[in-house]
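Dear colleague,

I am handing over the structure below, and I would be grateful if you could look through it alongside the notes that follow.

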Amino acid sequence: MIKVEFFGTEPSYGFCISGHSDMNPGGPEILCAAVSSAAYMMANTITDVIGFNPSLEVADGYMYLKLQTESEAIRCRDIMSGMMLHLSSLMEQYPKYLTITYSEV
């Protein structure tokens, strides 16, 4: 199962994604690909387009990204909301394979 945790809700300071869907053992993992693509797009936008330097860790089946300040979180509010919406839509389609939680910063 893929687990997504967003830190803070308004604004969100970041996220941690861990696990694999295991939806299709031995075959293409479309859910993992969709979640990974969204996570990398978010990380690349924050680091390379906006120019922030968040705490960022990446490994197989894992990504942790946390913005450093509230002003950074406010500046990234719209793109973070877009990611939340995208992943929430995926969770509705694949509730057995993806969960999302929200925690305080």
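For what follows, two rings of Phe, Tyr or Trp (for Trp, its six-membered ring) are taken as a pair if their centres lie within 6.5 Å. Please keep in mind throughout that this is a predicted model.

By this rule the count comes to 3 aromatic pairs. One of them joins Phe6 and Tyr102, whose ring centres are 5.8 Å apart and whose planes meet at 20 degrees, so the pair is stacked. Because Phe6 belongs to strand 1 (residues 2–7) and Tyr102 to strand 5 (residues 98–103), this pair ties together parts that are 96 residues apart in sequence. The two partners can also be described by their accessibility: Phe6, at 0% relative accessibility, counts as buried, whereas Tyr102 is partly exposed, with a relative accessible area of 42%.

Phe7 and Tyr64 make up another aromatic pair, which is tilted, with 5.6 Å from centre to centre and 55 degrees between the planes. This pair, too, links distant parts of the chain, since Phe7 lies in strand 1 and Tyr64 in strand 4 (residues 62–66), 57 residues apart. Phe7 counts as buried, at 10% relative accessibility.

As for the aromatic cluster, Phe6 and Tyr102 belong to one together with Phe15.

Turning to the surface, Tyr40, Leu56 and Val58 form a nonpolar patch there, and together they have about 260 Å² of accessible area. Of these residues, Leu56 is found in strand 3 (residues 55–59), and at 39% relative accessibility Leu56 counts as partly exposed.

Key
Residues are numbered from 1 along each chain as its sequence is written. This is a predicted model: local features need pLDDT of at least 70, side-chain atom pairs count only at pLDDT 80 or more; totals for chains, interfaces and linings use all residues. Side-chain values use heavy atoms; hydrogens and water are left out. Rings of Phe, Tyr and Trp (its six-membered ring) pair if their centres lie within 6.5 Å; planes under 30 degrees apart count as stacked, over 60 as edge-to-face and the rest as tilted. Helices (H or I, at least four residues) and strands (E, at least two) are DSSP runs, numbered from the N terminus. Buried means under 20% relative accessible area, exposed over 50%, partly exposed in between (1.4 Å probe, protein chains only). Patches are made of residues with over 30% relative accessible area and no salt bridge: like charges are joined within 9 Å, nonpolar side chains (Val, Leu, Ile, Met, Phe, Trp, Tyr) within 5 Å. Accessible areas come from the Shrake-Rupley method with a 1.4 Å probe; for residues, only the protein chains shown count as cover. A salt bridge is a side-chain nitrogen of Lys or Arg within 4 Å of a carboxyl oxygen of Asp or Glu.
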